Amino acid sequence: MRHFMEQAFPLCRSITGNGVRHTLELIAEQLGDVELQRFEVPTGTPVLDWTVPNEWNLVRATLDGPNGPVLDSNDSNLHVVSYSMPVDRTMDLEELRPHLYSLPDQPTAIPYRTSYYRETWGFCLTHEQLEQLEPGDYQVKIDSRLEPGHLTYGEVVLPGVSADELLFTTHICHPSMANDNLSGIAALTEIARLLHTAPGAAERHHTIRILFIPGTIGSITWLARNQENLGKIKAGLVLAGAGDPSPPTFKRSRRSTTRIDLLMERLVAEDGGEIIDYYPYGYDERQFCSPGFDMAVGRLSRSIHGTYPEYHTSLDDLDFICDDTLADTVGLVMRAVDALEHEPRYENQVARGEPQLGRRGLYGAVGGAVNAQSVEMALLWLLSYSDGEYSLVDIARHSEVDIDSLQVAATALVDAGLLKAV
Ligand code: ZN
């Protein structure tokens, strides 16, 4: 994963353009015999409430001042505001100043700035550099192309024996920054490779769908093009910020108690991590969880974006990545897939309402070695949550009823014909 990140780090990615295409080529190389399908969606295509924008490609951007060269995008692609329009002009410092971005509180960091939907241009530089600029003439040369083209994304499908799907996605639109989000791309590429080669992969129940998409406009484009198939997706995770040194964070889906929520709460808690509620900001989970879709999709990260000083700056470089936490993120997703595949699940056979347990001798009659009261609670929790999605372990954690009681209750309910193993 580190080797992949070293190769992909210098590429000038944005929401469209050749940086994304080159990144997908590197992912495809890493995937070996797993096929990465690539899609090109033309500029102007309506997607939900949005429109696919012009494609942006940067050749090179330089800023030269009265004392010689100041900035060069070849040193860091963060120096150019992403989606800067072409410029070739001389201007004085006062005219230039509104186009310069720095971080006074972090004087050695270059900020990351974008202007996807407003045509403008700009340079990002360290505050130290900014303070050294002297009055005089500056030559602004941004050799970029902002014109009709395509939005590019990649998709991997690992077929399972059923139509039920698990969705994993990550954003591929950030230029030279490591945690946000080369770490997510590297982790998801590795997950695809591992799932493809895992023992029993051919008998996997779920079809695994993996997306490498530009943030926001990419997920909106994908959702717009795949609306008929979304019902197949039983659970999903957005992966982002997967390799900084912090413990994992799971952000719940908007529905907050879906199968992936209960499962990840458990796995992330076991891993010493933190669980946070849904909020309509962040990464692409806010598209997958928007009201019309409201999918069972949560987000797995390490630190929460925006809460660490390296976030969206040149300090988010490869040294910021911790190999152990990146590997741990991959491990969490692999354990999640394993649990989604193998933990016992049941389906309530009574279509509506609570079945009459007393009539079947289930109330107060089951127990023996285990606490009878807890088995009675277990019966109710199982009937309430056995929709074929939640596993016995999910229900145990959510209900705080012990797993032994749940197992006794499950057997009794199966014997009574009220539950069916899925
Ligand atoms: Zn970001």
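This is a predicted model: local features need pLDDT of at least 70, side-chain atom pairs count only at pLDDT 80 or more; totals for chains, interfaces and linings use all residues.
Once the neighbours within four places in sequence are left aside, Asp164 is in contact with His205, His206, Thr207, Lys232 and Lys234. A further pairing can be described by distance: Asp164 and Arg209 are 45 residues apart along the chain, and their C-alpha atoms are separated by 10 Å.

## The protein chain as a whole

The protein chain has 422 residues, and 56% of them count as buried. Its secondary structure comes to twelve helices and 19 strands, and its C-alpha atoms fill a box of roughly 90 × 40 × 35 Å when this is taken along the principal axes. If we consider the contacts between residues at least 6 apart in sequence, 79% of these contacts join residues that are at least 24 apart.

The accessible surface of the protein chain comes to about 17,600 Å², and carbon and sulfur atoms account for 48% of that area. Turning to charge, the chain carries 33 positive and 60 negative side chains, and the centres of these two sets lie 7 Å apart.

## An open sheet of four strands

Four strands form an open sheet, in which the order is β5-β4-β9-β6 and the pairing is antiparallel. The edges are taken by β5 (68-72) and β6 (87-92), each of which has a single partner strand, so one side of each is left without a neighbour in the sheet. From one strand to the next, the twist averages 20°. The pairing of β6 with strand β9, which covers residues 137-147, is antiparallel and runs over six bridges, and within this part of the sheet Arg89 stands opposite Val140 in β9.

Thr62 belongs to another strand of this sheet, as its place is in β4 (residues 55-65). With a relative accessible area of 16%, Thr62 is buried, because that value falls under the 20% limit for this class. Not counting residues up to four places away in sequence, Thr62 touches Leu71, Asp72, Phe123, Gln139, Val140 and Lys141.

Three strands form an open sheet in the order β18-β17-β19, with antiparallel pairing. Its edge strands are β18 (387-391) and β19 (419-421), each of which pairs on one side only. On average, and with direction ignored, neighbouring strands of this sheet are turned by 35° against each other. Helix α11, made of residues 392-399, packs on the sheet and touches β17 and β18, and its direction makes about 65° with that of β18.

Strand β17 (residues 345-348) is joined to β18 by two bridges, and these two strands run antiparallel. Arg345 has Ser391 as its bridge partner in β18, while Glu347 stands opposite Asp387 in that strand. The pairing of β17 with β19 is antiparallel as well and extends over three bridges; here the bridge partner of Glu347 is Lys420 in β19.

## A residue of helix α11

Arg397 is found in helix α11, and this residue is partly exposed, with a relative accessible area of 39%. Leaving aside its neighbours within four places in sequence, Arg397 is in contact with Leu262, Glu265, Arg266 and Ala269. Although Arg397 and Leu262 are 135 residues apart in sequence, they are 7.5 Å apart in space, as taken from C-alpha to C-alpha.

## An enclosed helix

How many of the nine residues of helix α6 are buried? In this helix, which covers residues 217-225, eight of the nine are buried, so α6 is largely enclosed by the rest of the structure. The buried residues of α6 are Ile217, Gly218, Ser219, Ile220, Thr221, Trp222, Leu223 and Ala224.

Conventions: Residues are numbered from 1 along each chain as its sequence is written. Side-chain values use heavy atoms; hydrogens and water are left out. Buried means under 20% relative accessible area, exposed over 50%, partly exposed in between (1.4 Å probe, protein chains only). Contact means heavy atoms within 4.5 Å. Accessible areas come from the Shrake-Rupley method with a 1.4 Å probe; for residues, only the protein chains shown count as cover. Lys and Arg count as positive and Asp and Glu as negative; His and the chain ends are not counted. The place of a charge is taken as NZ of Lys, CZ of Arg, CG of Asp or CD of Glu. Two strands pair if DSSP finds at least two bridges between them. Axes are lines fitted to C-alpha atoms, for helices over the stretch in contact, and angles run from 0 to 180 degrees between N-to-C directions.
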